[in-house]
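Here are my notes for your reading of this model. Keep the structure open beside you and check each point as you go.

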Amino acid sequence: MPHPVDAPADWPADVTHDRLIGDVFIYQRRGGHRTGTDDVLTAYWATQRTTLAPHDAYLDLGCGVGSVLLMTAHRARPAECVGVEAQAESVALASRAVRELPPGFAPTRVIHSDFRELALGRRFALVTGSPPYFPTNAGVLPQDPQRLACRFELRGGVEAYCETAAAHLLPHGRFFLVHQTACDARVLTAARGAGLHLHSVLDARMREDRDGAFLSVYELGRDVPPSAAVREELSIRGRDGEFTPRYREARRALGVEASGSLVATLV
């Protein structure tokens, strides 16, 4: 269960220390940005579709509190992991989680930066990204800076993620990006504009008895796929409101199922 944290004096009072996978924990705020279903889907599809070589490195754009970064790294076992995050509060939370990673975990660091200005001078075999879903004119903006940054496009949207990923991908590397399925056309246009090609999509329904997917995870690469893109679908919950076998399988593949503490509510 989440529990309060013995935190620095300048940290918000609502920070909790939550088990993510095994001995891997994250710090997140009850009233701020919290990990959820979209993070699980991104990490699952990225690691389901990608096998890294021993020397391959991994980059997470807009890593937030570090949940996708750490779930992906735990399963993919990259040689090095780099998270980039512009929101200061999230950087502090993710950085503390990284400092407390168990022995044997891949070398991991979090960079405090706007990734649109990123120039690491290297390329990665695997890149992930979880863009905010809404332009700033799409609704009432949250007063909380952390919730605002994770939900609304303060520093660019999917276009900026695709451009940065393309600039940091190896020729046969893969970029996995999650977005609302309703924005499918925008995502694919952004990918093409950055010189990326679609290799696969995982579409997720929130319930199997409701029409249409709500979230999609896109696998993109600089190389042209040999055939039409793979498109698969899963449902998060069944008609009874419980997790479906397919979603439980995805959680188990990441190691989340055993910990039992990662909620499956959308951020």
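**Notes on a predicted model**

1. Start with threonine 244. Threonine 244 sits in the loop between β11 (230-237) and α7 (245-254). Bear in mind that this is a predicted model.

2. Is threonine 244 buried or exposed? Its relative accessible area is 8%. Buried means under 20%, so threonine 244 counts as buried.

3. Now look at what surrounds this residue. Setting aside neighbours within four places in sequence, threonine 244 is in contact with Glu208, Ser235, Ile236, Arg237 and Gly238. With serine 235 there is a polar pairing: a polar atom of the threonine 244 side chain lies 2.5 Å from the backbone oxygen of serine 235.

4. Next, the nonpolar cores. In soluble globular proteins, nonpolar side chains tend to be buried together. The largest nonpolar core here has 49 residues. Which of them touch the most other members? They are Leu41, Leu70 and Met71. Another core, of 28 residues, lies apart from it, and includes Val84, Cys162, Val187 and Leu220.

5. Take leucine 70 by itself. Beyond neighbours within four places in sequence, leucine 70 is in contact with Leu20, Val24, Phe25, Ile26, Ala97, Leu101, Phe105 and Thr108.

6. Finally, a helix pair. The axes of α5 (residues 158-168) and α6 (residues 184-193) come within 9 Å and cross at roughly 35°. The crossing is right-handed. From α5, Val158, Glu159 and Cys162 make the contact; from α6, Arg186, Val187, Ala190 and Ala191 do. Of these contact residues, five are nonpolar, none polar and two charged.

Methods
Residues numbered from 1 in each chain as written. Predicted model: local features only at pLDDT ≥ 70, side-chain atom pairs only at ≥ 80, totals over all residues. Heavy atoms only, no water. Helix = DSSP H or I, 4+ residues; strand = E, 2+ residues; numbered from the N terminus. Buried < 20%, exposed > 50% of the residue type's maximum accessible area, 1.4 Å probe, protein only. Polar contact = N/O pair within 3.5 Å; in protein donor to acceptor, adjacent residues only side chain to side chain. Contact = heavy atoms within 4.5 Å. Core = buried A, V, L, I, M, F, W, Y, C linked by side-chain atoms within 4.5 Å. Axes fitted to C-alpha atoms, helices over the stretch in contact; angles between N-to-C directions. Left-handed = near helix turned anticlockwise from the far one by under 90°. Nonpolar A, V, L, I, M, F, W, Y, C, P; charged D, E, K, R; others polar.
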